[in-house]
Amino acid sequence: QLKARVGNADCAAVVKADAYGLGAAQVAPALAAAGCRQFFVAQLDEAIVLKPLLPAAATVSVLHGPAPGSEAEFVARGVQPVLNSRPQIDAWRRLAQGLDRELDAIVQVDTGMARLGLDGAELQGLAADAQSLAGIRVRCVMSHLACAEQPAHPANARQRERFVAARRM
């Protein structure tokens, strides 16, 4: 049903916290059987448990990104990070350069949730440094709505405006 509503856009499933208590080992494979290929968890340990339960073509991304020193484990496990800060981006870039290959990642921009994502200063610094993303294949730029459960909430429109502005950088 979601795919029919969004057309060519990808649908992703957030199955963190054991699929919000529903049981990720049951929920994620059922979603994969229905065609979902993009999954998000909060932490790397959740991704390690989830990945073997999914088709090889599925992508598992970690919303909190790599903790310092865990970047190589992401690569070894075939898990994609969501990069939320300049230090995470810098560490991922260094790993890509050390491996002499591009590494996939998602970049998150904080547009008003104030929990995860690059803030305005970090985003401007990233935009000003042509080499800041060298070796990183950005698969997606994302944000997180603070009031997503209330579609008409005015904060959503403000966050959308900030996201559109961030994409222009």
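**View 1. Asp90 and Arg86 form a salt bridge, with 2.9 Å between the closest N and O atoms.** A salt bridge here is a side-chain nitrogen of Lys or Arg within 4 Å of a carboxyl oxygen of Asp or Glu. This is a predicted model, so local features need pLDDT of at least 70 and side-chain atom pairs count only at pLDDT 80 or more, while totals for chains, interfaces and linings use all residues. Residues are numbered from 1 along each chain as its sequence is written, and side-chain values use heavy atoms, with hydrogens and water left out. Both partners sit in helix α6 (residues 86-99), four residues apart, or about one turn of the helix. Helices (H or I, at least four residues) and strands (E, at least two) are DSSP runs, numbered from the N terminus. Asp90 counts as buried, at 17% relative accessibility; buried means under 20% relative accessible area, exposed over 50%, and partly exposed in between (1.4 Å probe, protein chains only).

**View 2. Arg86 also pairs with Asp129, the closest N and O atoms being 3.0 Å apart.** Asp129 lies in the loop between α7 (120-128) and β6 (136-142) and Arg86 in helix α6, so this pair ties together parts that are 43 residues apart in sequence. Asp129 is partly exposed, with a relative accessible area of 30%. Through shared partners, salt bridges join Arg86, Asp90, Arg93 and Asp129 into one network.

**View 3. Over in helix α5 (residues 71-77), Arg77 makes a salt bridge with Glu73, with closest N and O atoms 2.9 Å apart.** The two are four residues apart, so about one helical turn separates them. Arg77 is partly exposed at 42% relative accessibility, and Glu73 is partly exposed too, at 32%. The salt-bridge count comes to six.

**View 4. The largest nonpolar core has 32 residues.** Such a core is a set of buried Ala, Val, Leu, Ile, Met, Phe, Trp, Tyr and Cys residues joined through side-chain atoms within 4.5 Å. Phe39, Leu50, Leu54 and Trp92 have the most contacts inside it. Two or more residues each come from α3 (24-33), β2 (38-41), α4 (44-50), β3 (59-62), α6, β5 (103-108) and α7. Helix α6 gives the largest share, four residues.

**View 5. Zoom in on Leu54, and its partners include Phe39 and Val60.** Leaving aside neighbours within four places in sequence, Leu54 also touches Ala28, Pro29 and Ala32; contact means heavy atoms within 4.5 Å. A second, separate core of five residues includes Phe40, Leu63, Val82 and Ile106.
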